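User: I am new to this structure. Please show me how to read its main features.

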Amino acid sequence: MAGTGVTDASTPPPVDGLRRARWAIALVFLVHGTVTGNFATRIPWIQDHTGITPGQLGLALAFPAIGASLAMPLAGRVSHHLGARAALRVLLALWTLALALPALSPSGYVLCPALLLYGGAAGMSDVAMNALGVETENRLGKPIMSGLHGMWSAGALVGSAAGTVAAHAGTDARIHLGVAALLLTLLGTVACQGVLDLRSDPEDGPPPRFALPPKSALVIGAIGFCAVFAEGASLDWSAVYLRDVLGTDAGLAAASTTAFACTMAVARLVGDKVVARFGAVRTVRGGGVLATAGGLLIMTARHPAPAMAGFALMGLGIAVVVPLAFAAAGRSGPAPSQAIAGVATITYTSGLIAPSTIGGIAQATSLTVSFALVTALTLGLAAGARVLRVPGRETHPTAAAPATDLERS
């Protein structure tokens with residue numbers, strides 16, 4: 001494909017091939033999210049099994065983000081050598097199989113390197129699937145990245161539900177996560193058969209093992225940073241905010257977190273239609289305004305209902321930002337995987353520091369002040385949305401390529 005440094009090794013009929021590739025990469029995103037959902041529900045079991053303290057657990061849970069940040073730059077090199085389809089098949093299998101590692105760890109000393117490997121596999125497969133998602137979107141000529149990330153969110157909810165059932169049944173996490181790892185590996189391998197089969201141009205050399213993200217990725221990553229910070233703060237602290245600031249009972253407080261996650265998933269699943277209608281810039285700008293309004297509502301609420309509405313607005317406003325940031329990174333230069341890896345590293349870092357930053361500010365001042373910072377960052381989305389501009393589409397966002405049978409389906 002001209003200008004991208006990749007060629008398409010497959011020769012399916014254009015419409016049928018793209019339809020298959022679209023739904024195949026969507027299933028990949030679903031599998032990836034399901035791994036995360038299953039793991040999250042068994043963290044209490046893993047803590048009890050390894051006998052570590054809450055502080056030690058907090059330290060151990062930093063290792064997945066560290067592993068992801070270290071490994072993400074390697075994804076482009078793997079794709080260069082194996083081709084995009086084969087690379088995704090291998091990297092996704094490593095991620096799904098890594099699901100079993102934390103539960104097999106007998107102590108905190110083993111858990112930390114297990115989580116480092118778990119995070120590394122997560123990060124590399126994340127970059128590979130987002131790069132293929134961007135290329136599929138480019139070939140379709142219409143936005144699909146929000147829907148793909150919506151599938152990831154749906155997968156996380158499915159995984160969480162499965163893990164919750166296993167936990168309530170008292171199932172040993174080694175059995176639960178081991179079986180889940182095998183099933184998801186099989187499903188992921190089948191899904192990868194349908195994705196685009198892209199290969200690097202023979203004239204291009206392999207990408208560097210490690211390289212600083214391009215400047216374009218740093219600017220786009222800043223927008224992703226703001227959105228992921230708000231997401232991490234809301235997911236981890238919404239229930240605490242309702243309980244401690246507004247005196248809500250534990251059940252209703254927990255429901256606010258579930259509602260926020262569901263809002264994010266639904267907004268991402270329908271977000272592509274909004275982006276197709278209004279364009280990436282106006283969508284993110286409007287989302288930034290919605291999220292800021294939600295933050296102000298949270299800060300000024302004196303009762304649970306307005307605060308929960310504020311968290312819902314926050315979720316709606318930030319839902320499509322990260323998918324659009326990945327899409328923009330994939331179009332930002334001659335090395336899409338490197339740019340996507342740069343944006344992914346920045347967003348992973350944001351997710352890593354957000355919960356502790358909110359807690360630190362709350363300890364020194366209050367949770368209300370913490371969410372003032374979140375609100376300021378969401379306002380930054382509206383201010384910086386222009387960096388996500390899609391060349392040739394933003395002026396007339398509804399003027400897409402001529403409709404094909406695929407686009408009408």
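Predicted model: local features only at pLDDT ≥ 70, side-chain atom pairs only at ≥ 80, totals over all residues.

User: What is the mean pLDDT of the chain?

Analyst: pLDDT is the predictor's confidence in each residue, from 0 to 100. The chain has a mean of 85, and 87% of its residues reach 70 or more. Residues 1-5 stay under 50, and the model gives them 11 contacts beyond four places in sequence; contact means heavy atoms within 4.5 Å. Residues 395-409 are also below 50, with 24 contacts beyond near neighbours in sequence.

User: How are two packed helices described?

Analyst: The description uses the angle between their axes and the distance between the axes. Axes are lines fitted to C-alpha atoms, for helices over the stretch in contact, and angles run from 0 to 180 degrees between N-to-C directions. Helices are DSSP runs (H or I, at least four residues), numbered from the N terminus. Here α4 (residues 63-71) packs against α16 (residues 336-364) at about 165°, with axes 9 Å apart. The two are therefore roughly antiparallel, a term for angles over 145 degrees.

User: Which residues of α4 and α16 meet?

Analyst: A65, A68 and S69 of α4 meet T345, Y348, T349 and L352 of α16. By class, this contact has 4 nonpolar, 3 polar and no charged residues. Ala, Val, Leu, Ile, Met, Phe, Trp, Tyr, Cys and Pro count as nonpolar, Asp, Glu, Lys and Arg as charged, and the others, Gly among them, as polar.

User: At what angle do α15 and α16 cross?

Analyst: The axes of α15 (residues 321-330) and α16 cross at roughly 150° and come within 7 Å. That makes α15 roughly antiparallel to α16. On the α15 side the contact is made by A325, F326, A329 and G330, and on the α16 side by P336, A339, I340, V343, A344 and T347. These residues divide into 8 nonpolar, 2 polar and no charged.

User: Is A26 buried or exposed?

Analyst: Buried means under 20% relative accessible area, exposed over 50%, and partly exposed in between (1.4 Å probe, protein chains only). A26, at 4% relative accessibility, counts as buried. A26 lies in helix α1 (residues 14-41). Leaving aside neighbours within four places in sequence, A26 contacts L148 and M151. A26 and M151 are 125 residues apart in sequence, yet 6.3 Å apart in space, C-alpha to C-alpha.

Definitions and conventions. Residues numbered from 1 in each chain as written. Heavy atoms only, no water. Parallel < 35°, antiparallel > 145°, perpendicular 65-115°, else oblique.
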